[in-house]
Amino acid sequence: MENLLETRSLSIHYRMRRGTVRAVENVNFALARGEAVGLVGESGCGKSTLAKGILEVLPRYAEVKGEILFEGRDLASLPPTELRKVRGERIGLIFQDPMTRLDPLMTIEDHFTELIRQHREVEKDEAKAMALKALAAVGIPPSRFRNYPHEFSGGMRQRIMIAMALVLEPKLIIADEPTTSLDVIVEGQILRVLEELRQRYGLALLLVTHNLGIVAETCDRVAVMYAGRIVEEGPVRDIFREPLHPYTQGLLHSVIHLDTKELSSIPGYPPGLVRPPSGCAFHPRCPEAFEPCPKAVPALVPKVGRRVACYLHHDDVEGGATVG
Amino acid sequence: MDNIVSIEGLKVYFAVQKNFLSRLLPGGPKYVRAVDGVSLDIRRGEIYGLVGESGSGKTTLGRAILRLVKPSEGKIVFEGSDISHLKEREVRPLRRRMQIVFQDPHAALNPAMTVGAAIAHPLMIHNQATKEQDAKPNVLRMMDEVGLNPAEDFYHKLPSELSGGQLQRVVIARAMILNPSFIVADEPVSMLDMSVRARILELLLDLKRRHNLTYLFITHDLATAKFLCNRIGIMYLGKIMEEGQASEVYADPKHPYTKALLGAIPIPDPERRTAKSLPRGEIPDAINPPANCCFHPRCPAAIEGCGWEPRDVLNYLEERRTRLVTGGLDKDVRVLGELKRARIDGQTVRFRASGDGPAELLEYLRGIVAEAHGPLFDAVEGISLEDDGVSLRLKPWTDIKEVISDRRRVLCILFQST
Amino acid sequence: MAGKPVPSDVAIGPEPAIGAAILPPAMRRGILGRVLWPLIEERRTLTGIMTFVGLGFLLAFIVIALAAPLISPYDPLAINTSELLKAPSASHLMGTDHLGRDVLSRVFWGARTSLMIMAIGVLVALVVGVPIGLTSGYLGGLVDRAVVLVMDSIYSFPGLLLAMALAAILGRGVVNIGIAITVIYVPLYFRVVRNHVVAVKQELFVEAARALGAKPTSVIARYITFNVISSIPVIFSISAADAILTAAGLSFIGLGIDPPIPDWGADLATAQQWLPNDIWWTSFFPGFMILLLTVGLSMLGEGINDIVNPLLRRTKA
């Protein structure tokens, strides 16, 4: 069965005065129907760019190479009207700050009506009914249909975004840091709503975040990004239980949770993307770097049910450990 | 026990900026009750964790202690002197002893000042140096201490050229250069990457040990607070809900809000995916907080006497309509009418009957109350017929009082012996 | 086989080599550097070119104005009855006017007059308007409200009308026009600076300054002024352009300069009557100079605006 979403050798570079920023470099990545995949990494790793790239909402000075296939069709080759249809109807999106997506001068009713009627030939009444249903599904009472965005709290605005993303019954939801600006309790509520709706409608989810906790709770698979590339990718349970890539290990250890006994961090700083370190971009900070690391970028190879880009786990490299 | 900071009954209310017309209307000006009666002590040498969600008032409390905002009521004692009523220029010399580290290191630094100038600035403000050149050796030493090596290289850089972690080190250096005794750390790592957080926290701990500092650590992250703090206070809508030794509070949380917060933390371990019981709704705005215990509308352990008021009934009815969207909504709107038009009088709410007459309204309401469960409905005293509609009365509540026992303070009716 | 943890790695890109030569790094931190450096960086873009052209116009204008006594071929006041209304020729590049005076010389000297008006009017407006804006913005409250009310009242008058009223009261003369123009433009400087101050006041780093114990004057000076100063060059250019037009307008209707002082607007006015006789040079050249200077100043102002504002955004990251 074909994948719902697939990127092939996807690279996204920004041409800036200071040089070319290689935000996303040669990413091969796939998402199946109904799957929840987490895309994690710290700031500057390229995860947001990748999400935006899939939706073709990048700024003008971005250069995109490679293919982005959605339901088998290359999004880059679609004419703008087709692309708009895909973006609204087949892919729903949720951003970190709902206020940037909501027009402060339009009521929620206007937002929904406009959105629905852009993509479907329906009467205003039917659009309203669809909207109310979507809002009810996320817990927004119908009496607030005529309110303006600023009259809602942060959590409610995020729910409205989710309702807007789902009202046209898409197949895939892309959520870019959807709960980062929310508190823990509201975050839990939002994620629960998202999960319920996902199960009910069989949606796929691409969750872009730096919060490993919510990935552990929501996702089936996870892809870890560093300096524009995927360094490890596979089932959530496996990767969290036994991370292979040293960056993944460092990242997981640095999360502070209720049972943390000791603080742990990764030395150094994330690399600039204009002149990244040679070879494996992580090698300057890697406690286990060895001879082949600075020479060439390690390929993302399959290993025990997942993929990892690290010479330690390349069987054909001398000195690389094999996972036992 | 030497308390470096002592607060009693502190209230910080902000007047809401409304337009001219609304100021003339009855009801008077409205206030955001950011801090609504907080008393606490911070002992010298400890790390006190102030934990709460956004809107809890924790940030305002931190700023009030430093007199960056004016207290509306109450007493603040710092190192033995009452600073609650001091004028701004009297507070300024005190700023040498108490400092703040902000959440957003980018925004906290003047984009027009170099790193060296920024760190030297406090010295010049407090007349410990007249020219930046004189202060330079001190500044370089401080930069070394916070880990900005090599210091000479960083000295001339602008904030726009540094990463988040480095910027936060600059902010810390700037706060430390005058050798304060008390630092308010307002979410110092929440905007930093995960792999960098630990280093900044370690720096803070290191500085504390070396300079005998006391911290007020403000955060929404319970996990970090547990690791770092000696005592914690959980804040909600301007009040302290629970306070005690950190290890004890986490091992045995008493307040339902504390339990909810602990339960809501996402754990980075997929094997431990449990269904969470989360309180409903969100933290309400602080202009008109819920009556009595401000957490009661969301509390999973609420009982009859927590503070149920007519507002809660109307909120319930409104939310109920969400469920009726699939069927029954029209009838509900017809019989109950616009919920906004219900009139509240003390513990009574009056609904105006629609064309179908008060009898139908009475039966409808009785039906709703009968089939619903929860402490709100236990608090319903009676529903009766009026001339033009129906009135619903709620029982009076038990006034909430703080319970102190065994190094723990809890603000919860459940622990009050009636 | 452990790798070494790397010392801090700051990600800034390579710098254009020529730029580094023009403005060494240490100088780039200063106020002037903050405006000039991005200008140099943008020199090849459309915006950059526009700005440099505008700057060129302004510099040429200043040079002409200052050097007028040296470069004018004739005395601008010299009446020559034998050369009345002669078309442009080798001896009179821009022709002569109705009194036989050389138009070219009058144009050069007219630049001087305009420069003086600009200097007095706009510069004084800056010197008065900016500090009031800084103080009023920082203090806020009733004081701010009151000052804003006054300034807005002045601002809401159509500039030329107000200038006319003032000129009528004060009388003619370069200084009086200068005063009239000052009054008109003070509110502009005030507004822009005050609004910027109010915005910057909210920033966290200003609160941080207070937390460090900084006194209000220090806060205004170091923190607010520095960040606000970037909006001033723009206003300066644009108000200068406008001032030229206003002064010319005043002269045109006879309220400005005492004749026979060379002044573009006045000359334009007197030249009107000769147009029906196909005598175009007496009006064309003064008018064209006004146009050139105004356009140049506007381009300069707009260019700086475009360049400096992204700088603001960038430094705030």
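The legends below describe close-up views of helix packing and of a sheet in a predicted model.

**View 1. Helices α4 and α5 of chain C pack against each other.** Helix α4(C), spanning residues 46–71, meets helix α5(C), spanning residues 103–139, at an angle of about 120 degrees, and the two axes lie 8 Å apart. The two helices are therefore oblique to each other, and α4(C) passes α5(C) in a left-handed crossing.

**View 2. Residues in the contact of α4(C) with α5(C).** From α4(C) the contact includes C:L58, C:F61, C:I62 and C:P69, and among the residues that these and others meet in α5(C) are C:F108, C:W109, C:R112, C:S114 and C:M118. By class, the residues of this contact divide into 14 nonpolar, one polar and one charged.

**View 3. An open sheet of eight strands in chain B.** The strands follow the order β6-β7-β8-β3-β9-β10-β16-β15, and their pairing is mixed. Strands β6 (98–101) and β15 (403–405) of chain B stand at the edges with a single partner strand each, so one side of each has no neighbour in the sheet. From one strand to the next, the twist averages 20 degrees.

View 4. Strand β6(B) runs parallel to β7(B), residues 182–186, and four bridges join the two strands; B:I100 has B:V184 in β7(B) as its bridge partner.

Technical notes: Residues numbered from 1 in each chain as written. Chains lettered and ligands numbered in written order. Predicted model: local features only at pLDDT ≥ 70, side-chain atom pairs only at ≥ 80, totals over all residues. Heavy atoms only, no water. Axes fitted to C-alpha atoms, helices over the stretch in contact; angles between N-to-C directions. Parallel < 35°, antiparallel > 145°, perpendicular 65-115°, else oblique. Left-handed = near helix turned anticlockwise from the far one by under 90°. Contact = heavy atoms within 4.5 Å. Nonpolar A, V, L, I, M, F, W, Y, C, P; charged D, E, K, R; others polar. Pairing = 2+ DSSP bridges.
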